[in-house]
Amino acid sequence: MLKSTARGSGLFRLFATSRVLAAPKVKKTPEQLRALQKRAEKREAVAARNARRPAVENPLYMPVPTALRYLRAAEVGRPTNEAVITLQVRVVSRKGDAPLQGSIKFARPLTDTQILVFASDEAMQQTALAAGARMAGGKELVDKIAAGEIDLSAFDRAIATPDMVAALRPVARNLGPKGLMPAPKRGTVVEDVTKYIEDNISLQPFRQRNDHIALKIGRCDFSDEDLLKNVIAVSEAVKAAVAAAQSKSPTILGQTVLSTTHGPGIVIDF
Amino acid sequence: MTRASQLPKAARALFLRDLPASRLTRQRENLNLIANYKDSAYKFPQVSKLHLVFKSHNAYGHMGAKQFWKWNLRTICFHNPDVNIEVTRVKCPTKEEQLKCPSVLKVVYADGREKKIDCKYKHSDDIMKELVELTQAVKCQEDEIPVLKQ
């Protein structure tokens, strides 16, 4: 033990008087680095091979209606707003590829999309609110966000009129990490705010995080038919996102798990 | 990460203690328990609704109702998807309220009749037995109960 800690610094280090963290880091030799890289590559290859296997081979595979029977039983007696059904898709892609993202049009959405509108014109704010926006405002709204008075996690999308884009720069660090920063490239800087809201209010955005796409698709009190349609809607949207992804290596979708708040995870076809 | 299989049995989480250590077998066991908890796979052709009321705190005889909800009711729901099952957990902050709070299982029949089972100071197995006798439930056939093979 003493040998290894004293190696880097050339000094004798006492446990009683110096912290372990203060010890110099042991540098990895080129052979060790190569071995680590090899192991990471192997892990990726195994993940890709597992992802290519059909879902039916998984020991926990079930058809969706059977899975729903188990999940509803696991959620018995829970309040309806608590018993939420979720779907999780494993995405196997190279490190550094852009994360998959897109939007889903659900047959029966859980909630309407919560849209945040930035517009300097007062009349436009009112029409936006009437069309179904959760919140609309101009400069004073930007100031409130900068002060941290508004809970941004309540919103799924944010749009802005072109004249507001410059005014949004101070809050880019607040909006950006939540995916709420309006940008012309993403089509969220629009002249006709009302039309955008009408087109997008039942669309649910999704985004890949940590090699997974995970989202709520319904509640336990939805009918089997509605839930199946929602699963199909997710499947179509995610496959469209995979097709649109611009990466050198192919992106593969791995096992898909249906689960609930208190229930088990069950592998389904996707 | 310490795996469950590496821990001594006594050190494992209480709700996992009787389940297998491996993730896959544990999941199978869990699914099998949903479909077939002991003496709970019954069909209730005469019943339209079950309503269980008990306290959110276990003291003063409310443990049986909670265990009944946790284990037996899942299996009942699995085999009777058409029966409306409701659970109300009452929050009682003071001791007087706790002593006063009832622990009952209300049974509503298809023809509108209502009956009650008092669950206070009863074991969940006894509540299940009483429910089966009261409603003349039919035991599920073996081929109706799905079993995931280990």
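How many buried residues does α2(A) have among its 23 residues? The count is zero, and the helix is hardly covered. This is a predicted model.

**Helix α2 of chain A**
- Helix α2 of chain A covers residues 30–52.
- Its 23 residues should span 33 Å at 1.5 Å a residue. The end C-alpha atoms are 33 Å apart, which agrees with that expectation.
- A residue needs 20 or more other C-beta atoms within 10 Å of its own to be buried. None of the 23 residues of α2(A) counts as buried.

**The sheet of chain A**
- Three strands of chain A make an open sheet, and their order is β4-β3-β5. The pairing is parallel.
- β4 (135–137) and β5 (157–160) of chain A are the edge strands. Each has a single partner strand, so one side of each has no neighbour in the sheet.
- On average, neighbouring strands of this sheet are turned by 15° against each other, direction ignored.
- β3(A) and β5(A) run parallel and are joined by four bridges.
- A:I115 has A:R157 in β5(A) as its bridge partner.

**A loop residue of chain A**
- A:D112 sits in the loop that links β2 (101–105) to β3 (115–118) of chain A.
- A:D112 counts as partly exposed because it has 15 C-beta neighbours inside 10 Å.
- A:D112 and A:N200 are 88 residues apart along the chain. Their C-alpha atoms are separated by 9.4 Å.

**The recorded domain of chain B**
- UniProt lists residues 58–138 of chain B as "domain: Ribosomal protein/NADH dehydrogenase", in an unreviewed entry.
- In the model, this span of chain B is 43% helix and 23% strand. The end C-alpha atoms of residues 58–138 lie 31 Å apart.

**Positive phi in chain B**
- B:D39 is a residue other than glycine with a positive phi, near 55°.
- B:D39 belongs to the loop between α1 (23–35) and β1 (42–43) of chain B. With 13 other C-beta atoms within 10 Å, B:D39 is partly exposed.
- B:Y60 also has a positive phi, near 60°, and is a residue other than glycine.
- The loop that holds B:Y60 runs between β2 (47–55) and α2 (63–79) of chain B. B:Y60 is partly exposed, with 16 C-beta neighbours inside 10 Å.

Terms used. Residues are numbered from 1 along each chain as its sequence is written. Chains are lettered from A and ligands numbered from 1 in the order in which they are written. This is a predicted model: local features need pLDDT of at least 70, side-chain atom pairs count only at pLDDT 80 or more; totals for chains, interfaces and linings use all residues. Helices (H or I, at least four residues) and strands (E, at least two) are DSSP runs, numbered from the N terminus. A residue is buried if 20 or more other C-beta atoms lie within 10 Å of its own, exposed if 12 or fewer, and partly exposed in between; C-beta atoms are placed from the backbone. Two strands pair if DSSP finds at least two bridges between them. Axes are lines fitted to C-alpha atoms, for helices over the stretch in contact, and angles run from 0 to 180 degrees between N-to-C directions. The expected span of a helix is 1.5 Å times one less than its number of residues. UniProt positions are given in the numbering used here, feature names are shortened, and annotations may be inferred rather than shown by experiment.
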